[in-house]
Amino acid sequence: MTTATPPAASKTTAADDSSPANGQAAKGQATNGQSRNTQHAIPTNRVPTAARLKGLKCRECGADYDLAAKNVCEMCFGPLEVDYDYDAIKKSISREKIASGPASIWRYADLLPVEGAPQVDLHAGFTPLVRAERLGAKLGIKNLYIKNDTANPTWSFKDRVVSVALSRAVELGFDTAACASTGNLANSVAAHAAHAGLKCFVFIPADLEAGKVMNSLVYAPNVVAVKGNYDEVNRLCSEIADRNASWAFVNINVRPYYSEGSKTLAYEVAEQLGWRAPDHVVIPIASGSQLVKIHKGFGELKKLGLIEDTPVRLSGAQAEGCSPVAHAFETGSDFIKPVKPNTIAKSLAIGNPADGWYALDVIRKTEGAAAMVSDDEIVDGIKLLAECEGIFTETAGGVTIGVLKKLAEQGVIKPDETTVAYITGIGLKTQEAVAGRVGEPFQIEPNLASFEGVLKEVL
Ligand SMILES: Cc1ncc(COP(=O)(O)O)c(C=O)c1O
Ligand SMILES: [Zn+2]
């Protein structure tokens, strides 16, 4: 169990609730939602509370906890999540207030588990929602959109969860950022730690793509490549977290805060559609956290009266070589059977997904589906999105597009459902996947005749 307590510190600089969403600076803090990247707030060792944040709550038994760095229930070992006072939030939140906030996840600060102004902010979020007419026409979906989360500071959706986790970690007095990662999370933790001046350790499986490794190394964290798969990395990190009280492992001891960042993927889509929910969304699954939190995000907007209460179907996408959730869905099982991953979609290669059961439950409850695609179909998905929409996604996005296509062909996604496919990471980090599967440049001499030879071939 990981319940690291940060070191006691001498004074608090946490701002009050009024500062973050509208971009006003709290005393001593930079403007435009930017963090101070040399000095950190030094909070007291008591756990602070704010009107809209009630505490942490066990998802299984409902036990209540303080807003500390704690992720597992002491009574039943269930996962903890942040509990909000929605009545209090409802009194102050509005579409207008949100729209006047920064063009980042922090426009939704009232619904994020950070007390003051964001401490660690590279301006994650508010990424484009792209109308995908050409891809939609190919797949027979009339209103298809791509949520292009490749357009984040480190080119994946992980910037959302990391900005929230580390902002909270700084409030709690941690001095070191850490994570167990399949690649993108390590990139994001390393970048945000650099910006905030935090010490940093990122742990990855040793066999990751070169682009993922380089995109961590460049920020000069301590990159630890573990000779094992992600599940082994994660197990090791839980032990390390237990021994290092001043380390915030974003997806372990501060996971309840981290995971809330993914709710912004729902908020933004609703806002970008003109404050309404889509009918159907397709989301890649590794741990399953993102899918569960997107569901929570739409639910909160309905509860707060910011969108109409229309149903949103959530469908999950996995690779055949690591498909514990899709397998359980297809076989009608309630049990997520752990697997040893073997797929080119390394960012999704979690064989024993922490939120797998909760993701399956959301998929079933919302009448979505979970499906899997082969490695070949993943590459086809990457190419299809690039060729139809001009967006180069990584293997996780290839999984999403492959499953989107499959579900459309099977009639699970209906032609007139407004559908959003979440594209969560960029293709430049996983170039190995498409090497040899895309064209070659024409090699010519520097003269017209040589180019005319090309034209003859092409036209
Ligand atoms: C690009 C990308 N998409 C999706 C996911 C899956 O997220 P989750 O673990 O929340 O299911 C990951 C996880 O690392 C990822 O890197
Ligand atoms: Zn419990």
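This is a predicted model: local features need pLDDT of at least 70, side-chain atom pairs count only at pLDDT 80 or more; totals for chains, interfaces and linings use all residues.
Trainee: In which loop does H123 lie?
Mentor: H123 has a phi of about 70°, which is positive although the residue is not a glycine. With 18 other C-beta atoms within 10 Å, H123 is partly exposed. As for its place in the chain, H123 belongs to the loop between α2 (95-99) and β4.

Trainee: What is the order of the strands in the open sheet of six strands?
Mentor: The pairing in this open sheet is mixed, and its neighbouring strands are turned by 25° against each other on average, with direction ignored. The edge strands, which pair on one side only, are β4 (129-131) and β12 (370-373). Read across the sheet, the order is β4-β5-β13-β10-β11-β12.

Trainee: Over how many bridges do β11 and β12 pair?
Mentor: In general, the strands of a sheet pair through backbone hydrogen bonds, either parallel or antiparallel. Strand β11, residues 313-319, pairs with β12 in the parallel sense, and A319 stands opposite V373 of β12. The number of bridges between β11 and β12 is four.

Trainee: Which residue in β11 is the bridge partner of P284?
Mentor: Strand β10, residues 280-284, runs parallel to β11, and five bridges join them. Within this pairing, the partner that P284 has in β11 is A317.

Trainee: How many residues of β11 are buried?
Mentor: A residue counts as buried when 20 or more other C-beta atoms lie within 10 Å of its own. R313, S315, A317 and A319 point one way from β11, while L314, G316 and Q318 point the other way, and all are buried. The strand β11 is therefore mostly covered, and its count of buried residues is seven of seven.

Trainee: What angle does the direction of α13 make with that of β12?
Mentor: Two helices can be described here, and one of them is α12, residues 356-365, which lies across β11 and β12 and runs at about 135° to β11. Helix α13, residues 375-389, packs on the sheet and touches β4, β5 (144-148), β11 and β12. The angle between the direction of α13 and that of β12 is about 95°.

Trainee: Does E367 count as buried, exposed or partly exposed, and why?
Mentor: E367 is found in the loop between α12 and β12, and its phi is near 60°, a positive value in a residue other than glycine. Because E367 has 13 C-beta neighbours inside 10 Å, it counts as partly exposed.

Trainee: How far apart in space are N244 and T176, C-alpha to C-alpha?
Mentor: N244 sits in the loop between α7 (230-243) and β9 (247-249), and it counts as partly exposed because it has 16 C-beta neighbours inside 10 Å. N244 and T176 are 68 residues apart in sequence, yet their C-alpha distance in space is 9.5 Å.

Trainee: Which elements give two or more residues to the shell around ligand 1?
Mentor: The ligand is surrounded by 17 residues, the closest being S287, Q290, S347, T424 and G425. These elements are α5 (184-196) and α10 (289-303).

Trainee: How many residues of the shell around ligand 1 are charged?
Mentor: At least three residues of this shell come from each of domain 1 (54-102 + 158-256) and domain 2 (129-154 + 259-433). Six residues of the shell are nonpolar and 10 are polar, and the number that are charged is one.

Conventions:
Residues are numbered from 1 along each chain as its sequence is written. Chains are lettered from A and ligands numbered from 1 in the order in which they are written. A residue is near a molecule or strand if its C-beta atom, placed from the backbone, lies within 6 Å of it. Ala, Val, Leu, Ile, Met, Phe, Trp, Tyr, Cys and Pro count as nonpolar, Asp, Glu, Lys and Arg as charged, and the others, Gly among them, as polar. Domain bounds come from an automatic or database domain assignment. A residue is buried if 20 or more other C-beta atoms lie within 10 Å of its own, exposed if 12 or fewer, and partly exposed in between; C-beta atoms are placed from the backbone. Two strands pair if DSSP finds at least two bridges between them. Axes are lines fitted to C-alpha atoms, for helices over the stretch in contact, and angles run from 0 to 180 degrees between N-to-C directions. Two residues are in contact if their C-beta atoms, placed from the backbone, lie within 7 Å.
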